[in-house]
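Here is a walk through a structure for a reader who has not seen it before. Please keep the sequence and the model at hand while reading.

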Amino acid sequence: MKNEWKKITRFRLFLPIMCLILVLLVNVIKTPSFFFLSVRNGVLYGYIIDVINRASELVVLAVGMTLVVAASGGTDISVGSMMAVAGAMSCYVLSGGQVSVNGYAAPWIAGALSALAVATLCGAWNGFLVARMRIQPMVATLILFTAGRGIAQLVTRGQITYIRVDSYKYLGNFIPHVPLPTSIFVAILVVVLTNLLLRKTSLGLYIQAVGINKDASRLVGIKANKIIFFTYAFCGFLAGIAGLIASSRIYSADANNIGLNMELDAILAVALGGNDLAGGKFNITGSVIGAYTIQALTTTLYAMGVTADQVPVYKAIVVVIIVTLQSEEFKKWFAKAMAQKKPVEA
Amino acid sequence: MKKKNAFNETTFLLKITISLFVVMYALGMVVFREKGFIHFQTFLNLFISNASLIVIAAGMTLVMLTGGIDISVGSCVALYCMMLAYMMERQCVDAVSAVAIVLATGLGFGFVQGFLVSYLRIQPFIVTLAGMFFARGMTAIISVDMITIMNKRFLGWAQDKLFLPFGGYLNRKGVLVRPFIYPTVIIAFITLVLIAILLRYTKFGRKIYAIGGSEQSSLLMGLNVRRTRLYAYVLDGFLAALGGVLFCLNTCSGFVEQARGYEMEAIAAAVIGGTLLTGGVGNVFGSLFGVLIKGTIETFITFQGTLSSWWTKITIAALLAFFIILQSILGNRKPRTGENQ
C-alpha cells in the first residue's frame with residue numbers, strides 16, 4: 001500500500017493533476033453547474049468552456065516558458081510585454097496608423113506576420129543577452145519587461161487602436177459555424193506542433209542536456225548557446241501568438257493591459273507542472289495542465305469577488321509555496337524532521 | 001591580483017558613468033539654456049525628485065553585492081505609499097506611528113524574502129518576483145481608489161523647504177531666489193553615507209563583499225554566509241520602506257499603479273554605477289551617479305515638453321542594456337574566478 005502510494009506520488013504529473021482536481025472540486029462545490037454545457041446560437045457555452053478558452057494565451061506562453069526554464073534555468077519575465085508589443089504591431093499595421101478603423105488597411109496576414117516577427121525579434125534580443133552576453137535571464141528580460149510596454153505605447157502613440165472588423169475577432173472569439181472558440185484550437189495546435197518539433201528532432205534532448213549541464217553538453221558537441229538563444233526566440237514567437245489572441249479578443253491594442261501579470265501566471269504554470277525552475281528536465285504536458293489549473297484558479301477567485309488587481313497576491317503565495325516545496329534545503333530539512341520522528345513512533 | 005582586476009573594471013565603469021553624467025548635464029545646460037536648466041535649483045531638483053530612488057538604489061546595491069537582486073522594490077513602494085495614505089486618512093493613525101509601522105513592515109518583508117533566499121536557497125529572482133506581485137496585489141486589496149494625503153503633520157514634513165545660503169540668483173523682478181531642498185534629500189544623503197560606512201568599515205559590510213565575490217571561499221573562511229545574506233535582504237527591505245516613505249513625501253498620495261517600473265530604475269542605477277550583476281564589486285556612490293543620470297534624462301524629457309514620459313523608461317532600459325553588455329564584455333575579457341551566483 002505504502003509503496004503504491006509512493007509510486008503514485010512519484011509520477012511526474014502527480015502535482016499538476018492533483019492541483020487541477022482540487023481546483024475543479026472547489027468549483028463544483030461552489031457552483032454545481034460548473035460542468036454543464038449549453039448550446040446558444042450554435043456555439044457551446046459553459047463555465048468549463050470559458051476556462052479552457054481564456055487559458056489559451058497562458059497555455060501558449062507556458063510552452064515557451066517551459067523551454068526557456070529548461071534550457072537556461074532562468075525565466076523570461078518579458079512575455080507579457082512582448083504580447084503587448086505584438087498586439088500593438090498587428091493593430092498598427094492593420095489600421096494603417098489610425099485610431100479606429102472599420103476595414104483593414106493591410107491584409108490580415110500582413111498584420112499577423114509583422115506582429116510575430118516583432119515578437120520573435122524581442123525574444124531574439126533576450127536570447128542574445130542571455131546566450132551570447134551571459135547575462136542572468138531575469139535582468140536581461142527585465143529590460144523588455146519595462147521597456148516593452150513603452151515601445152507598445154510608442155507604436156500605438158499612447159492610444160487604444162480599435163480594429164472594428166469581424167474577421168479580426170475570429171482568433172480570440174468564434175469563427176462562424178464552429179461551436180468552440182478558435183483560441184482553443186490555436187493552443188492545441190501550438191502544443192502539438194511544439195511536441196512534434198521536440199520529439200521528432202533531437203531538440204528536446206539537447207534542451208534538457210543544456211539545462212542539466214551547459215558545459216558538459218558543450219563539450220560533447222551541442223551548441224549550447226544556440227540552443228538557449230533558440231528557446232528565447234521561440235518564447236518570443238509564442239508570446240507573439242498569445243498577443244495576437246489577446247488583441248483579437250478585445251479587437252484593439254491596449255498597450256497597458258494586454259498580457260498584464262501574465263509573466264507570473266506563465267512561471268507559475270511551469271512550476272505547477274512539476275518542472276524544476278533551476279532548469280534541466282522538462283515536461284510540457286505538465287505545464288499545459290498547470291496553465292489550465294491557473295486559469296481555473298483565476299476564474300474561481302473572480303467568482304469569489306476578488307478583483308483582477310488583487311489576484312496576484314494569491315498567486316504569489318502559491319508560487320512561494322511551490323518553490324519552497326521544490327527547494328533542496330526544505331526537502332533535506334523535512335527528511336531530517338521525519339527521521340527524527342520515526343524512532344519515537346517505533 | 002584578480003581582485004585588483006575586478007576593482008579596475010569597476011572604477012573604469014564608474015569613470016564612464018561620471019563622465020556620461022557630466023557630459024549630459026553640460027549638454028542640457030547648452031540645449032535648454034533659455035528654460036532655466038542652468039540654475040542651481042535644477043541640479044537640486046535632481047535630488048529632490050529622486051531622493052527615494054537614492055535610498056532604494058542603495059538597498060539594491062547591497063543585495064546585488066551579495067550576488068542577488070530584488071525586483072519587488074517598485075511594488076513595495078506602491079504598497080508603502082498606500083499603507084501610509086490609508087492609515088493616515090482612513091484610520092486616523094498619526095503620522096509618526098504610520099511611518100514607524102511602514103518601516104517595520106519593510107523589515108518584515110525583507111526578512112521573509114531574505115529567509116527564502118538564504119536559508120531555503122530559492123533563486124532571488126523567483127522570490128522577489130513573487131514579492132513584487134504580492135505587494136502590488138496587497139496595494140489593491142487595501143484600496144483600489146487613489147487616496148490623497150491631507151494629514152497636516154505629514155504635509156508639513158513634505159513641504160518644509162530648507163533654503164540654502166548660497167547659489168541664489170536674481171529673477172527678472174530683481175528678487176533674490178534662493179535654492180532650496182526638502183528634508184527628504186537630507187534623509188537620503190544620511191542613509192547613503194551610513195550605508196557607505198557600513199560597507200567600507202564594518203565586518204558586516206566586508207562579509208557582503210566576500211560572499212558576493214565567492215560564496216565558496218567565504219564558507220571555507222568560516223563566514224556565516226546565510227546569516228549575512230539574510231541581513232542584507234532585511235536591510236534592503238528596510239531601505240525599500242524608507243524609500244517608500246520618501247516617495248510618498250514627494251507624491252503625497254497612494255494608488256495601485258504608483259512606481260511601476262521603479263525596480264528597473266533602481267537596478268539600472270546600481271548597474272550604471274558600476275555594481276556587477278555577479279556580485280562582489282560596486283559601491284553606493286556609483287549608484288548615486290546612476291540615479292543622477294536617470295534624473296537628468298527625466299529632466300531632459302520634461303524640459304523638452306513634447307516627448308511622452310515613456311521615453312524615460314525606454315532610455316533607461318537602453319542605458320541598462322548598454323551597461324550590462326559593457327560589463328559582460330569586460331567580464332569575459334578577464335575571466336574572474338568564483339563567478340557563482
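How many residues of chain A are in contact with chain B? The model is predicted, and in it 35 residues of chain A are in contact with 35 residues of chain B. On the chain A side, α7, α14 (311-326) and α15 (328-345) each supply at least two of the residues that touch chain B. Of the elements on that side, α7(A) gives the most, with 10 residues. Sorted by class, the side of chain A that touches chain B has 20 nonpolar, 10 polar and five charged residues.

Helix α7(A), residues 137-155, also has a partner inside its own chain, namely helix α5(A), residues 79-95. Two packed helices are described by the angle between their axes and the distance between the axes. Here the axes come within 8 Å and cross at roughly 15°. Angles under 35 degrees count as roughly parallel, and α5(A) and α7(A) are therefore roughly parallel to each other. The crossing in which α5(A) passes α7(A) is left-handed. From α5(A) the contact takes in Ser81(A), Met82(A), Ala84(A), Val85(A), Ala88(A), Met89(A) and Tyr92(A), which meet Leu144(A), Phe145(A), Gly148(A), Arg149(A), Ile151(A), Ala152(A) and Val155(A) of α7(A). The classes in this contact are 11 nonpolar, two polar and one charged residues.

The next stop in chain A is a sheet. Its three strands follow the order β3-β4-β5, and the sheet is open with mixed pairing. At the edges are β3 (100-101) and β5 (252-253), each of which pairs on one side only. Strand β3(A) runs parallel to β4(A), residues 161-163, and two bridges join them. Opposite Ser100(A) stands Tyr162(A) of β4(A). Helix α5(A) returns here: α5(A) lies across β3, β4 and β5 of chain A and runs at about 65° to β4(A).

How many residues of helix α12(A) are buried? This helix spans residues 262-272 and is mostly covered, with 11 of its 11 residues buried. Among them are Glu263(A) and Asp265(A), along with Met262(A), Leu264(A) and Leu272(A). The cover over these buried residues includes α2 (14-30), α4 (56-72), α5, α13 (284-303) and α14 of chain A, and also α5 (124-142) of chain B. After α12(A) comes Gly274(A), with a positive phi near 85°.

Chain B has a helix pair of its own. Helix α7(B), residues 183-201, and helix α12(B), residues 284-304, pack at an angle of about 145°, with their axes 9 Å apart. In this contact Leu192(B), Ile195(B), Ala196(B) and Leu199(B) of α7(B) meet Val284(B), Phe285(B) and Leu288(B) of α12(B). The residues here are seven nonpolar, no polar and no charged.

Leu14(B) is in helix α1(B), residues 2-31. A residue is buried if 20 or more other C-beta atoms lie within 10 Å of its own; Leu14(B) has 20 and is therefore buried. Leu14(B) and Gly273(B) are 259 residues apart in sequence, yet their C-alpha atoms are 5.7 Å apart. Not counting residues up to four places away in sequence, Leu14(B) touches Gly273(B), Gly274(B) and Gly286(B). Phe109(B), in helix α4(B), residues 95-118, is also buried, because 24 other C-beta atoms lie within 10 Å. Between Phe109(B) and Asp236(B) there are 127 residues of separation along the chain and 9.5 Å between C-alpha atoms. Leaving aside neighbours within four places in sequence, Phe109(B) is in contact with Cys76(B) and Gly237(B).

Two loop residues of chain B close the walk. Cys92(B) has a positive phi near 55° and is not a glycine; Ala259(B) likewise has a positive phi of about 55° without being a glycine. Cys92(B) lies in the loop between α3 (73-90) and α4 of chain B, and Ala259(B) in the loop between β6 (253-254) and α11 (262-272) of chain B.

Note on methods:
Residues are numbered from 1 along each chain as its sequence is written. Chains are lettered from A and ligands numbered from 1 in the order in which they are written. This is a predicted model: local features need pLDDT of at least 70, side-chain atom pairs count only at pLDDT 80 or more; totals for chains, interfaces and linings use all residues. Axes are lines fitted to C-alpha atoms, for helices over the stretch in contact, and angles run from 0 to 180 degrees between N-to-C directions. Helices (H or I, at least four residues) and strands (E, at least two) are DSSP runs, numbered from the N terminus. Two residues are in contact if their C-beta atoms, placed from the backbone, lie within 7 Å. Ala, Val, Leu, Ile, Met, Phe, Trp, Tyr, Cys and Pro count as nonpolar, Asp, Glu, Lys and Arg as charged, and the others, Gly among them, as polar. Angles under 35 degrees count as roughly parallel, over 145 as roughly antiparallel, 65 to 115 as roughly perpendicular and the rest as oblique. A crossing is left-handed if the near helix is turned anticlockwise from the far one by less than a right angle, and right-handed if clockwise. A residue is buried if 20 or more other C-beta atoms lie within 10 Å of its own, exposed if 12 or fewer, and partly exposed in between; C-beta atoms are placed from the backbone. Two strands pair if DSSP finds at least two bridges between them.
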